[in-house]
Amino acid sequence: MRRFLFAGLVLALAGSQPALAQNTNSGTDKFAQLETLLPTPNVYRTASGAPGKEYWQQRADYDIQVTLNDAKQAITGRETITYTNRSPDVLPYIWMQLDQNILDKNSMTTATEVSQLQDRMTFQSMEAMLADFDGGFKIDAVTGRDGKTLKTVINHTMMRVDLPSPLRPGQSYSFNVKWHYNINDQLKENQRSGYEYFPEDKNYLYEIAQFYPRMAVYSDNQGWQHKQFLGNGEFTLPFGDYKVSITAPADHVVASTGTLQNASQVLTATQQKRLAQAKNAKKPVLIVSQEEAVKAEAGRATGTKTWVYAAKNVRDFAWASSRKFIWDAMEIKQSGKPVLCMSYYPKEGNPLWGQYSTEVVAHTIKTYSKFTIPYEYPVAISVHGPVGGMEYPMLCFNGGRPEKDGTYSAQRKYGMISVIIHEVGHNFFPMIINSDERQWSWMDEGLNTFVQYLTEQEWERNYPSSRGEPRNMVNYMKTDKTLQSPIMTNSESALQFGNNAYGKPATALNILRETVMGRELFDHAFKTYAQRWAYKHPTPADFFRTMEDASAVDLDWFWRGWFYTTDYTDLALESVKSYTPSTGDPAVEKARLQQLQAAAAPSISAQRNATDLKSTLVDEKPELKDFYNAYNPLAVTAADQQRYAAYRAGLSPEQQQRLAAEPQYFYELSLRNLGGLVMPVIVQLTYADNSKEIQTIPAEIWRKNNEKVTKVMVTSKPVISFVLDPFQQTADTDQSNNAFPRQPAASRFDLYQQQQQAPANPMQQAAKAASPMQKQEQKPVGGQ
């Protein structure tokens, strides 16, 4: 048996661990409840995390007509908005979002950008500093239903519209807006929409969003959400019905949110027939083939077509237009309802897009519906163009383009599949479960990235997901805390936005599902949140409370640590002590001590004295010896046997049976929380017979002392090693302190041939460059 530290006394299990009895912590108690941080429940939002009995939300319905000018890359539009006040408040004015104004010459985003000049600058970075794009909305008119001009005030990306009379609860108001703006070259002004120009065939591909003045959200928890659009914080919008008429060149194909209302006017008979075939297809059907798209690229229609789309109960609207589009479609059934999955892409996207895009769309709708709520919209669309990844109801823009020769790397393939999953998944977060992206990016990006991870793993076994696995978050979590911010940070103020808004919350949810709650409890609670807040406006408190309410798991410690701090996981196994219970039998115990004594190595002094000291004084004068010179304390005496007999006589039959049973092994583990983030303690025990066992201790082990605890484990077999978090499921940032006995970290180093000759210095290089010239001058001229 291997022993880490032997203690010969009988182990007393009760009252022997001062670390567990300690009830003080340095700093904030990590198990303190969140009541003081979360808003007080009320009739609108309950303590369970569900909408209250008087929950309300506003509504905005749109009738929009827009025209795409392909010659000037510009949009003109007009809209009628009907705004319904379902709140208990009287509204003297309303607020609208003018998100295109992020590209205005006086944009607050540009004014507040931080930048530096370097000794070496690319032409692209210099051109960005000198950019003179005339962007932003040009508002031509805002009028009431009577045609009279309404007073407006524009504050960067927000516009206040003063109403002719206050809008009372239950009333609706319709008004009109006319506007125009220039479309940005997305490759120069990197925004969430724009155009891409293809010089080879002199065509444009447009991905159009934030193209119309939109109503801001007015809610019970914060009133008007009119924080300026600076870039990171995206959008939150009220739900409504849309009718949008899009006028584009007659040879363009237009993809859009909603369902096409006038197919017979804009599609050929062949295209309509193919679209009908797609409804019963097992794989995508081409509505517009690559050959047809290439033929369209070569022409230029002089006329226009108007595509009419309608969408019910959506929070936004987007579209795309180009004569370059290949178009394929495949219908699936989701909870008995048909969903037409479609992709639009130029030939530059093939072969990747034709093989994968629509299949990925369909897979995403099915998987997200399983983990959240059934997808209820009639279409789901993926468009390939200049925008790397952006989401809108029923439609998203995605990157991922192969090389010009049609080849691509595995990274490009999986990157494309992942971005389509992510952006299609945004139909659920936040297009349906309509969280406030302007305030809390993690509520849509983090939750969506988590379900993206689940969907990737169901696409292909061992899919190379970049986010979701706890081990992938370690490098971020162990960076300097001054370079991090808590997840519960406003979207515009969060540091390391991708890690903070996407990666860390997705990792947290995966740890909740796999390690803290278990899949059954987590999946039920997560689905409950989605069901409660579908087509509504949830807040972080609604999510936190629902996850606890539907699972009976106190998660306040988890939300506090993962979402409100920059603490990280670093649990250390500092030491292990090994104990075995004493039998009490002097014949057994004294024999064991004799064996230990005989096996103990003598000190270096004792070894040298054995040869250097020929004799001692007692050796020379035996009269100095007494009783103790012959006494053997480890010899079993009659008194020892009498005491043992009395001890056995005083034991109950059960206690005597315990003494006679197979030996048990007791181990006292000293655990320390170095990173500050309390987490479950997952211990792998390896026994002397090389078998292994995993024991998981809930995070509540830290509730009495957040920094250090001891834990006793009892086994029927001797243990030769203990390892914390063997499967890297808690994002532990330092595995070197996870094992006892300590295990060396395995790594490798590269060998290379030492450079034999130093590189030439500048003078040598100059001389070498001049040498051919000198030889040429010395060469005889022909004829001489």
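This is a predicted model: local features need pLDDT of at least 70, side-chain atom pairs count only at pLDDT 80 or more; totals for chains, interfaces and linings use all residues.

User: OK, so is R513 buried or exposed?
Analyst: R513 is buried, because its relative accessible area is 6%.

User: What does R513 form a salt bridge with?
Analyst: With D523, and the closest N and O atoms are 2.7 Å apart. R513 is in helix α11 and D523 is in helix α12, so the pair ties together parts that are 10 residues apart in sequence. D523 itself is partly exposed, at 22% relative accessible area.

User: Tell me about α12, then. How many residues does it have?
Analyst: Helix α12 has 15 residues, running 519-533. From first C-alpha to last, α12 reaches 21 Å, close to the 21 Å expected at 1.5 Å a residue.

User: Which residues in α12 are buried?
Analyst: F522, A525, F526, T528, Y529, A530, R532 and W533. The cover over those buried residues includes α7 (352-371), α9 (442-459), α11 (497-516) and α13 (540-549). Just after α12, Y535 takes a positive phi of about 60 degrees.

User: Which residues touch the most other members of the largest nonpolar core?
Analyst: F543 and F558, in a core of 189 residues. Helix α7 gives the most to that core, with 9 residues.

User: What is F558 in contact with?
Analyst: Skipping neighbours within four places in sequence, F558 is in contact with A508, I511, L512, V516, F563 and M679.

User: Back to charges. How many salt bridges does a search of the whole structure find?
Analyst: The search finds 36. One of them joins the side chains of D70 and R323, at 3.4 Å, N to O. That pair links distant parts of the chain, 253 residues apart: D70 is in the loop between β2 (59-69) and β3 (74-84), and R323 is in the loop between β19 (319-322) and β20. D70 is buried, and so is R323.

User: And what does R192 pair up with in a salt bridge?
Analyst: R192 forms a salt bridge with E234, the closest N and O atoms being 2.9 Å apart. This pair also links distant parts of the chain, with R192 in the loop between β8 (172-182) and β9 (194-198), and E234 in the loop between β13 (223-224) and β14 (240-249). R192 counts as buried at 16% relative accessible area, and E234 is buried at 7%.

User: Switching to cysteines. How many disulfides does the search find?
Analyst: It finds 0 disulfides. Take C341: the closest cysteine sulfur, in C396, is 11 Å from the sulfur of C341, which is too far for a bond. C341 is buried at 0% relative accessible area, and C396 is buried at 1%.

User: What about sheets? What order do the strands of the 4-stranded open one have?
Analyst: The order is β28-β27-β30-β31, with antiparallel pairing. β28 (692-697) and β31 (739-740) stand at the edges with a single partner strand each, so one side of each has no neighbour in the sheet. Strand β27 (681-687) pairs with β28 over 6 bridges, and Q684 stands opposite I694 in β28.

User: Last one: where does I326 lie?
Analyst: In strand β20, residues 326-334. I326 is buried, with a relative accessible area of 1%. The C-alpha atoms of I326 and S289 are separated by 5.5 Å, although the two are 37 residues apart along the chain. Not counting residues up to four places away in sequence, I326 touches residues including L286, V288, S289, Y344 and P346.

Terms used
Residues are numbered from 1 along each chain as its sequence is written. Side-chain values use heavy atoms; hydrogens and water are left out. Helices (H or I, at least four residues) and strands (E, at least two) are DSSP runs, numbered from the N terminus. The expected span of a helix is 1.5 Å times one less than its number of residues. Buried means under 20% relative accessible area, exposed over 50%, partly exposed in between (1.4 Å probe, protein chains only). Contact means heavy atoms within 4.5 Å. Two strands pair if DSSP finds at least two bridges between them. A nonpolar core is a set of buried Ala, Val, Leu, Ile, Met, Phe, Trp, Tyr and Cys residues joined through side-chain atoms within 4.5 Å. A disulfide is a pair of cysteine sulfur atoms within 2.5 Å. A salt bridge is a side-chain nitrogen of Lys or Arg within 4 Å of a carboxyl oxygen of Asp or Glu.
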